[in-house]
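Work through the exercises below with the sequence and the coordinates open. Each task is followed by a solution in steps.

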Amino acid sequence: MIGTDIAAFLEGPVMILLSTCDGADRACIARGSSIRFDRRNGHIHVLFSGSQWPDVGGNVATGARIAVTVVRPSDYRAFQIKGIIGSAAPASAEEQQRATAYVARMLEIMAELGVTTQQLSHTLTDRDLVRVSFLPTDLYAQTPGPGAGQRLEQAPI
């Protein structure tokens, strides 16, 4: 489902939102701090701050549903990937480094687009990171316009 074009898009300069559901099936969201597609097993690994987004952290369990939306800020090209959580754990040292680099890069990119560090610093963080791994089940185009919400097998970029 996730081909090389989408994998490259995920690992490019994208803003990340995660969504899980609580016991009453209410959506809870978090801003992601890194995303990676594992080409060996097809899983997506996304990092978020468990202390900053405790509602999402409380819903992260093996077998639970997750939706991750990625948006390229320069042109608002966007995709949503839904799946089933396979595992969650504290971020490794390598993942922590990747998240720190991601946050710095995204703050730089957003500043170039007129969004200040002060505006993002309370939601975009590399503290207390949790890694959630999931196997994608559905892929949707979310770029604003007539194709938004269209289910995709593999989208061209």
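By class, five nonpolar, two polar and four charged residues make up the lining of the largest pocket. Here Ala, Val, Leu, Ile, Met, Phe, Trp, Tyr, Cys and Pro count as nonpolar, Asp, Glu, Lys and Arg as charged, and the others, Gly among them, as polar. The model is predicted: local features need pLDDT of at least 70, side-chain atom pairs count only at pLDDT 80 or more, and totals for chains, interfaces and linings use all residues. Residues are numbered from 1 along each chain as its sequence is written, and side-chain values use heavy atoms, with hydrogens and water left out.

**Exercise 1.** List the residues that line the largest pocket, and state which element gives the most to the lining.

Step 1. A pocket is an open set of points on a 1 Å grid over the protein atoms alone, where a 1.4 Å probe fits, with protein on both sides within 12 Å along at least five of seven lines; lining residues have an atom within 4 Å of a point.

Step 2. The lining consists of Leu10, Glu11, Gly12, Pro13, Ser34, Ile35, Arg36, Arg98, Tyr102, Arg105 and Met106.

Step 3. Strand S2 (27-37) and helix H3 (93-112) each supply at least two of the lining residues. H3 gives the most, with four residues. Helices (H or I, at least four residues) and strands (E, at least two) are DSSP runs, numbered from the N terminus.

**Exercise 2.** Determine how the buried residues of H3 are arranged about its axis.

Step 1. Buried means under 20% relative accessible area, exposed over 50%, and partly exposed in between (1.4 Å probe, protein chains only).

Step 2. The buried residues of H3 are Glu95, Ala99, Tyr102, Val103, Met106, Leu107, Ile109 and Met110.

Step 3. Down the axis of H3, these residues fall within an arc of 165 degrees, so they line one face of the helix. The arc is taken from the directions from the helix axis to the C-beta atoms.

Step 4. On the face turned away from the buried side, H3 carries the exposed residues Ala93, Glu94, Gln97 and Glu112.

**Exercise 3.** Is serine 49 buried or exposed, and which residues does it touch?

Step 1. Serine 49 lies in strand S3.

Step 2. With a relative accessible area of 0%, serine 49 is buried.

Step 3. Leaving out residues up to four places away in sequence, serine 49 touches Thr125, Arg127, Asp128 and Leu129; contact means heavy atoms within 4.5 Å.
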